[in-house]
Amino acid sequence: MAIIIDGKKVSADVKEQVRIETENLVRQGVQPGLAVIIVGNDPASRVYVNNKKKACEAVGFLSREYALPETTTQEELLELVRRLNGDKSINGILCQLPLPKGLDEKQVIEEISPMKDVDAFHAVNVGKIMIGEYDFLPCTPAGVMEMLNSYDIPVEGKSCVVIGRSNIVGKPMAMLLLHKNGTVTITHSRTKNLKEITSAADILVAAIGKAKFVTADMVKEGAVVIDVGMNRDENGKLCGDVDFESVKEKCSAITPVPGGVGPMTIAMLMKNTLKACKLQNNL
Ligand code: NAP
C-alpha cells in the first residue's frame, strides 16, 4: 500500500514558516504585499482568487484585489500592472488566468516587473529557471519539489517522466527535476509508446488535464506518482489525471486529488511573495 503524500500537511508547514518570517518582517516595519488582478466573472477564477486572498490573510500579508469588469481593455489592464509595478507596498503581482477573450495574456505577463512576478511566468524568470539561477519558481512545480523533499524522496539518478509540456507546469517541472539530477523525459500528446516510457519511470508526474488518464498498467511497481491534474469525473467530482484507486495499489507513494498538489500551489505563492518582499527590501 502506497504512502499517500499529504499536500495539505506540507502546505500548512510551508505557510506556517512564511507566517513566522512575516511576523518578524512586520516587527521591522515591512509587510509583504500581494496584488491579485481578476478580470471578468469566471467562477473557477473567483474561487482561486478567494483562496489566495485567504492564504495572504492567514500568513499576515497585505492582500489587494483588483476585480475588473469583462469589458476591461488591454490598455487599462496594462496601465494597472504598470501602476502596481511602481507601488512600493506591493511586492508580488498576479493576474489570474485565463483572461476573457480579446485580452492578450502574454502581453500582460510581460508587463509585470520580473521582480514582482511571483507566478514566475515572465520570460526573464523562465530564462533564469533554465540556467538554474532563479529568484522565483512557478508555484505548482515548486510545490511538487517541496513535497518530494518533505517526504525524503530522492530525485538524483532517478528516471523521471513528466506527462505534459505546458509552460506553467510540464516544462518547468522537468527543469526542476533536472536541476535535482533526475534523468528526465518529457512526454506529450504526440509521444509514441507513452505507456512504455511511463512504465519505466521511478518518478512519474502527470500534468495532462484528462481525468484518470494514468492507469495502473502505465506505472512501474514501486514508482512515486505525482498527480497535478484537476479535473471533474463523470459525476462532477474533483479528480486528478491519475486513476488513484488502481495506481495506489502499485506505486510506493502517490499524491491524492484533492489534497495533493493543489494546496501546495498557494503555499508556494506565499513563499514567492515573501521572497519578493525580502529581495525588494534588501533583506
Ligand atoms: P495544458 O496547458 O492543457 O497542457 C496539457 C499537456 O498535456 C500538454 O502538453 C498536452 O500535450 C499533454 N497531453 C494532452 N493529452 C495527452 C495525451 N493523450 N498523452 C500525453 N500527453 C497529453 O495543461 P496545464 O496547464 O499544464 O495543466 C495540466 C493539468 O494540471 C490540468 O488538469 C490543470 O487543471 C492542472 N493544474 C493544476 C494545478 C494545481 O495547482 N494543482 C496548477 C496548474 C494546472 P501537447 O502539448 O502535445 O498538446
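Modeller: Helices (H or I, at least four residues) and strands (E, at least two) are DSSP runs, numbered from the N terminus. In these terms Asn 181 lies in the loop between α7 (170-179) and β6 (183-187), and Asn 193 lies in the loop between β6 and α8 (194-198). This is a predicted model, in which local features need pLDDT of at least 70 and side-chain atom pairs count only at pLDDT 80 or more, while totals for chains, interfaces and linings use all residues. Residues are numbered from 1 along each chain as its sequence is written, and side-chain values use heavy atoms, with hydrogens and water left out.

Biologist: What is the phi value of Asn 181, and is Asn 181 buried or exposed, or something in between?

Modeller: Buried means under 20% relative accessible area, exposed over 50%, and partly exposed in between (1.4 Å probe, protein chains only). Asn 181 is partly exposed because its relative accessible area is 45%, and its phi is near 70°, a positive value in a residue other than glycine. Asn 193 also has a positive phi, near 55°.

Biologist: Which peptide bonds are cis?

Modeller: The bond from Leu 97 to Pro 98 is cis, with omega near 0°, and Pro 98 is placed in the loop between β4 (92-95) and α4 (105-111). The bond from Val 257 to Pro 258 is likewise cis, with omega near 0°, and Pro 258 sits in the loop between β11 (253-254) and α10.

Biologist: Turning to the ligand, which residues come nearest?

Modeller: A residue is near a molecule if one of its heavy atoms lies within 4 Å of it. There are 22 residues around the ligand, and Arg 165, Ser 166, Ser 189, Met 230 and Thr 265 come nearest. By residue class the shell divides into ten nonpolar, ten polar and two charged, where Ala, Val, Leu, Ile, Met, Phe, Trp, Tyr, Cys and Pro count as nonpolar, Asp, Glu, Lys and Arg as charged, and the others, Gly among them, as polar. Helix α10 (residues 261-280) gives the largest share of this shell, three residues.

Biologist: How far is an oxygen atom of the ligand from an N or O atom in the side chain of Arg 165?

Modeller: A polar contact is a pair of N or O atoms within 3.5 Å; within protein, one must be able to donate a hydrogen and the other to accept it, and residues adjacent in sequence count only if both atoms are side-chain atoms. For Arg 165 the distance from a side-chain N or O atom to a ligand oxygen is 2.7 Å, for a polar side-chain atom of Ser 189 it is 2.5 Å, and for a side-chain N or O atom of Asn 231 it is 3.4 Å. The ligand taken alone exposes 920 Å², of which the protein buries 72%, the areas coming from the Shrake-Rupley method with a 1.4 Å probe and, for residues, with only the protein chains shown counting as cover.

Biologist: Which residues is Asn 272 in contact with, leaving aside its neighbours within four places in sequence?

Modeller: Contact means heavy atoms within 4.5 Å. Asn 272, found in helix α10, is in contact with Val 118, Phe 136, Leu 137 and Cys 139, leaving aside those neighbours. Asn 272 counts as buried because its relative accessibility is 8%.

Biologist: Where does Met 147 lie, and is Met 147 buried or exposed?

Modeller: Met 147 lies in helix α6 (residues 139-150) and counts as buried, at 0% relative accessibility. Although Met 147 and Lys 9 are 138 residues apart in sequence, their C-alpha atoms are 9.7 Å apart in space. Beyond four places in sequence, the contacts of Met 147 include Ile 5, Val 10, Thr 255 and Met 264.

Biologist: Where is Asp 6 found?

Modeller: Asp 6 is found in the loop between β1 (3-4) and α1 (7-27), and at 33% relative accessibility Asp 6 counts as partly exposed. A polar atom of the Asp 6 side chain lies 3.1 Å from the backbone nitrogen of Lys 8.

Biologist: How many disulfides does a search of the whole structure find?

Modeller: A disulfide is a covalent bond between the sulfur atoms of two cysteines, and the criterion used is a pair of cysteine sulfur atoms within 2.5 Å. A search of the whole structure finds zero disulfides. Cys 160 is in none, its nearest cysteine sulfur, that of Cys 251, being 15 Å away. Cys 160 is also buried, at 0% relative accessibility.
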